[in-house]
Amino acid sequence: GSGASGAERMRIDSSGFTTITNNPTTTQATLSLEKLSLVALNDNIGYLNFLSNDASTTSSGGVGGIGVYAETAYNTSFTPSYMSFYTHNNTANDGTNIGNVSERMRIDSGGDITIMNPTGTSQSSYALKFKKTNSGSTQQFGAEIITAPYTNNTNGGDLIFKTANTAATLIENVRIKGNGELRVVQSSIVVETAGQGIYLGG
């Protein structure tokens with residue numbers, strides 16, 4: 001395709017790769033996804049879909065995507081939006097264009113980031129993991145932060161902090177429990193607070 005000046009703006013080659021170009025003296029290259037109707041709460045403004053075309057067994061269909069949605073109805077001059085990131089679980093694909101993907105992360109209009117719990121799943125713990133390169137130039141996890149159920153109340157949750165030891169094994173060092181207790185683990189010594197000061201526990 002070309003613009004009004006006749007300059008090339010987009011190219012699709014024989015392999016299907018698409019390149020969007022721009023005039024470096026004017027504006028940056030932009031791919032716009034537009035909704036051509038009234039926008040209601042949670043309406044999809046645009047969705048970038050990733051599709052598998054592997055015809056073996058049940059491997060065809062959508063495997064992930066990035067979508068932008070309306071955080072409110074756009075019936076004023078305000079247009080708050082949120083961006084959702086989707087991945088496909090380790091299950092058979094349903095063969096549809098979007099696939100049976102689940103929302104994993106959301107960035108809302110205020111910039112807050114939420115790691116999602118997919119509806120209908122039994123998974124109860126989610127981790128934010130940090131990778132590093134070791135001395136042998138191998139990627140490994142250096143730390144992680146995990147949410148886990150609070151055992152005394154299913155509505156509560158624990159927050160667990162782990163770091164890698166010299167054997168590159170992630171071990172729990174700190175836990176904030178659902179009742180507000182802070183648990184610090186160092187080898188076999190445990191320091192706990194329970195509203196009555198600090199004491200040593202086993």
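Strand S10 pairs with strand S11 (residues 170-176) in the antiparallel sense over six bridges; strands are DSSP runs (E, at least two residues) numbered from the N terminus, and two strands pair if DSSP finds at least two bridges between them. The model is predicted, so local features need pLDDT of at least 70 and side-chain atom pairs count only at pLDDT 80 or more, while totals for chains, interfaces and linings use all residues. Residues are numbered from 1 along each chain as its sequence is written, and side-chain values use heavy atoms, with hydrogens and water left out.

- Ala164 stands opposite Leu170 in S11.
- S10 and S11 form a hairpin with five residues between them, and Ala168 in the turn has a positive phi of about 65 degrees.
- Strand S9 (residues 139-149) and strand S10 (residues 157-164) are antiparallel partners over seven bridges.
- Ala143 stands opposite Thr163 in S10, and Ala148 stands opposite Asp158 in S10.
- Strand S8 (residues 126-133) runs antiparallel to S9 and is joined to S9 by eight bridges; the bridge partner of Tyr126 in S9 is Thr147.
- A hairpin is also formed by S8 and S9, with five residues between them, and Ser137 in the turn has a positive phi of about 60 degrees.

**The open sheet S3 to S7**

- Five strands form an open sheet with antiparallel pairing, in the order S3-S4-S5-S6-S7.
- Strand S3 (44-53) and strand S7 (113-115) stand at the edges with a single partner strand each, so one side of each has no neighbour in the sheet.
- Neighbouring strands of this sheet are turned by 20 degrees against each other on average, direction ignored; the axes are lines fitted to C-alpha atoms, for helices over the stretch in contact, and angles run from 0 to 180 degrees between N-to-C directions.
- Strand S5 (residues 81-87) and strand S6 (residues 102-107) run antiparallel and are joined by five bridges; the bridge partner of Tyr86 in S6 is Glu103.
- Asn53 is found in strand S3 and counts as exposed at 72% relative accessibility (buried means under 20% relative accessible area, exposed over 50%, partly exposed in between, with a 1.4 Å probe and protein chains only).
- The C-alpha atoms of Asn53 and Asn97 are separated by 9.9 Å, and the two residues are 44 residues apart along the chain.

**Nonpolar core**

- The largest nonpolar core has five residues, Tyr47, Tyr69, Tyr82, Tyr86 and Val101; such a core is a set of buried Ala, Val, Leu, Ile, Met, Phe, Trp, Tyr and Cys residues joined through side-chain atoms within 4.5 Å.
- Not counting residues up to four places away in sequence, Val101 touches Tyr47, Gly62, Val63, Gly64, Tyr86, Thr87 and His88, where contact means heavy atoms within 4.5 Å.

- Glu144 lies in strand S9 and is buried, with a relative accessible area of 7%.
- Leaving aside neighbours within four places in sequence, the contacts of Glu144 include Ala127, Phe130, Ile160 and Leu170.
- A network of salt bridges links Lys129, Glu144 and Lys162; a salt bridge is a side-chain nitrogen of Lys or Arg within 4 Å of a carboxyl oxygen of Asp or Glu.
- A search of the whole structure finds seven salt bridges.
- One of them joins Asp43 and Lys35 (3.8 Å, N to O), and Lys35 is partly exposed at 28% relative accessibility.
- Glu172 and Arg175 meet in a salt bridge (2.9 Å, N to O), with Glu172 partly exposed at a relative accessible area of 22%.
- Glu181 and Lys177 also form a salt bridge (3.5 Å, N to O); Glu181 is buried at 17% relative accessible area, whereas Lys177 is partly exposed at 25% relative accessibility.

Methods: Helix = DSSP H or I, 4+ residues; strand = E, 2+ residues; numbered from the N terminus.
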